[in-house]
Amino acid sequence: MLLTITTTTPPATDLGWLLHKHPDKVQTFSLPFGSAIVFYPEATETRCSAALMLDVDPIGLVRGKPGSQDGGLLDQYVNDRPYAASSLLCVALSRVFGTAMGGRCADRPELVDRQIDLEATIPALPCRGGAALLRRLFEPLGYEVTAEQAGLDPSFPAWGASPYHRVTLHGRQRLQDLLSHLYVLIPVLDDRKHYWVGDDEVEKLLRHGERWLAGHPERELIARRYLKHRHSLAREALARLTADETPDPEAAQRSAQAEEAVIEETVRLNDQRTGAVIAALRAEGARRIVDLGCGEGRLIGALLQDKTVERVLGMDVSHRVLEIAAERLHLDRMSERQKARVDLVHGSLLYRDRRLDGFDAATVVEVVEHLDPPRLAAFERVVFECARPRSVVLTTPNVEYNARLAGLPSGRLRHRDHRFEWTRAEFTAWATRVAATHGYQVRFQPVGPEDPEVGAPTQMGVFRLGAA
Ligand code: SAH
């Protein structure tokens with residue numbers, strides 16, 4: 001698979017500065033699915049071409065990483081991925097030309113915003129929607145498009161045409177823009193992404209499309225196909241694209257950095273929380289567990305690793321997170337024995353549900369704060385009165401700790417969807433009353449680093465049926 005980028009704007013060899021790759025060198029980069037080689041077939045003052053060649057390992061794509069149980073991205077050894085431009089090329093673009101895509105050029109910053117004559121050639125681009133769609137995508141961005149459609153097999157003309165086109169795009173552009181156009185539009189034309197589409201794909205689309213997507217006449221098709229026809233994600237992306245916001249790049253950067261810090265802390269905290277919940281379940285001797293508001297199935301995955309766990313049922317109100325959970329847990333590829341241990345069901349914690357009966361323990365991890373306070377009473381009865389497992393392990397944020405979370409503006413809750421967050425006293429009061437009302441005992445445990453003043457970031461209550 002090959003992509004060449006050529007400029008004829010003198011001094012054409014400035015392309016080397018912009019791409020951060022020296023025209024005299026051949027460089028190889030290792031990627032999860034093969035390797036990428038960058039070289040310059042031509043580098044003169046008047047014309048300079050950089051080539052990105054991908055050497056895709058089709059066996060690795062099917063079998064996955066050595067030693068991994070996960071399997072690969074594809075299930076067929078014979079596929080077009082080694083030859084055709086696809087999202088694999090985009091992964092390579094962002095790995096190999098990430099600095100250029102981000103508009104950074106430390107040595108020659110003045111080059112970044114220069115519009116230069118650029119030509120990109122892709123010898124085999126699958127265009128589902130044909131050359132007409134290819135034109136509708138690139139022409140509004142200021143490219144002249146040439147496309148030559150290849151036949152399926154030259155020896156058998158009767159087989160007709162293939163989706164593969166030899167494509168040349170020519171335009172006066174900033175290099176950064178050309179790279180972001182290719183990054184977004186190649187998978188849109190291919191229309192077969194190789195990896196799962198999650199929320200971060202929306203972020204990627206918005207980031208790479210920042211300068212051009214909102215004004216593109218085909219933005220709906222682009223969002224829909226880029227997000228692999230996931231309508232809810234495409235709608236979200238479009239809503240954010242067209243939201244009437246005055247961008248303040250500095251503020252955006254500040255808030256992104258702050259978010260990153262919070263996210264890093266959250267990742268560590270998630271692991272600690274899962275560990276604490278599992279330890280509590282072991283202490284309770286629970287073998288049959290129902291995870292209420294299971295989200296993307298993080299806890300379920302950890303529970304299935306534990307041989308003493310016989311059965312796990314995950315329930316959530318969101319279809320989308322259940323789909324993600326099924327994918328993360330590889331439910332479709334599990335052995336029959338593993339499959340018998342786990343199930344995911346759609347349901348709401350606000351309605352009594354017989355499927356929740358008969359478990360040793362229920363876990364409710366970071367869920368109550370997503371419920372509207374007036375609905376808490378319904379939740380309480382569904383879990384403690386109707387399902388009534390022997391143990392309930394429940395965690396929720398400790399709002400007092402928010403002051404210690406780097407980057408969280410004061411007074412803000414930790415997540416957009418949180419309806420409230422409790423202080424330690426509020427949680428203790430709620431949990432103690434619930435336990436007393438329904439005949440449970442409750443003990444409390446902090447989770448995460450404990451601060452002498454504000455306590456730990458997460459609070460956990462472990463309820464056990466019966467008097468002490
Ligand atoms: N327990 C998971 C997810 C926490 S996020 C984890 O720790 O990773 C909160 C989850 O609660 C979301 O997946 C949300 O869809 C779910 N949720 C919110 N309201 C719910 C309700 N009424 N019934 C069931 N699940 C609910």
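Tutor: Happy to; we will take the labels in turn, bearing in mind that this is a predicted model.

Student: What makes up the protein chain, in helices and strands?

Tutor: The protein chain has 15 helices and 14 strands. Of its 468 residues, 49% are buried. Among contacts with a separation of 6 or more, 71% link residues 24 or more positions apart. The chain exposes about 23,400 Å², and 51% of that comes from carbon and sulfur atoms.

Student: Which residues is Thr 121 in contact with, leaving aside its neighbours within four places in sequence?

Tutor: Thr 121 is then in contact with Leu 2, Leu 3, Thr 4, Arg 166, Val 167 and Thr 168. Contact here means heavy atoms within 4.5 Å.

Student: Why is Phe 156 called partly exposed?

Tutor: Partly exposed is the range between buried, under 20%, and exposed, over 50%. Phe 156 has a relative accessible area of 42%, so the label is partly exposed. You will find Phe 156 in the loop between strand 6 (144-151) and strand 7 (161-173). Together with Leu 152 and Trp 159, Phe 156 makes a nonpolar surface patch of about 350 Å².

Student: Now the ligand. Which residues come nearest?

Tutor: There are 17 residues around the ligand, and Gly 293, Asp 316, Ser 348, Leu 349 and Val 365 come nearest.

Student: What is the phi of Glu 366, and why is Glu 366 called buried?

Tutor: Phi of Glu 366 is near 55 degrees, a positive value in a residue other than glycine. Glu 366 has 17% relative accessibility, so against the cut-off of under 20% Glu 366 counts as buried. Its place is the loop between strand 11 (361-365) and helix 14 (376-387).

Student: And Arg 388: why is Arg 388 called partly exposed?

Tutor: Arg 388 has a relative accessible area of 35%, between 20% and 50%, so Arg 388 is partly exposed. Arg 388 also has a positive phi, about 50 degrees, although it is not a glycine. This residue sits in the loop between helix 14 and strand 12 (391-397).

Student: Which residues are buried in helix 8?

Tutor: In helix 8, residues 219-226, the buried residues are Leu 221, Ile 222, Ala 223, Arg 225 and Tyr 226. Just after helix 8, Lys 228 takes a positive phi of about 50 degrees.

Student: One last item: what kind of peptide bond joins Pro 10 and Pro 11?

Tutor: The bond joining Pro 10 and Pro 11 is cis, with omega about -10 degrees. Pro 11 is in the loop between strand 1 (2-7) and helix 1 (14-19).

Conventions:
Residues are numbered from 1 along each chain as its sequence is written. This is a predicted model: local features need pLDDT of at least 70, side-chain atom pairs count only at pLDDT 80 or more; totals for chains, interfaces and linings use all residues. Side-chain values use heavy atoms; hydrogens and water are left out. Helices (H or I, at least four residues) and strands (E, at least two) are DSSP runs, numbered from the N terminus. Buried means under 20% relative accessible area, exposed over 50%, partly exposed in between (1.4 Å probe, protein chains only). Accessible areas come from the Shrake-Rupley method with a 1.4 Å probe; for residues, only the protein chains shown count as cover. Patches are made of residues with over 30% relative accessible area and no salt bridge: like charges are joined within 9 Å, nonpolar side chains (Val, Leu, Ile, Met, Phe, Trp, Tyr) within 5 Å. A salt bridge is a side-chain nitrogen of Lys or Arg within 4 Å of a carboxyl oxygen of Asp or Glu. A residue is near a molecule or strand if one of its heavy atoms lies within 4 Å of it.
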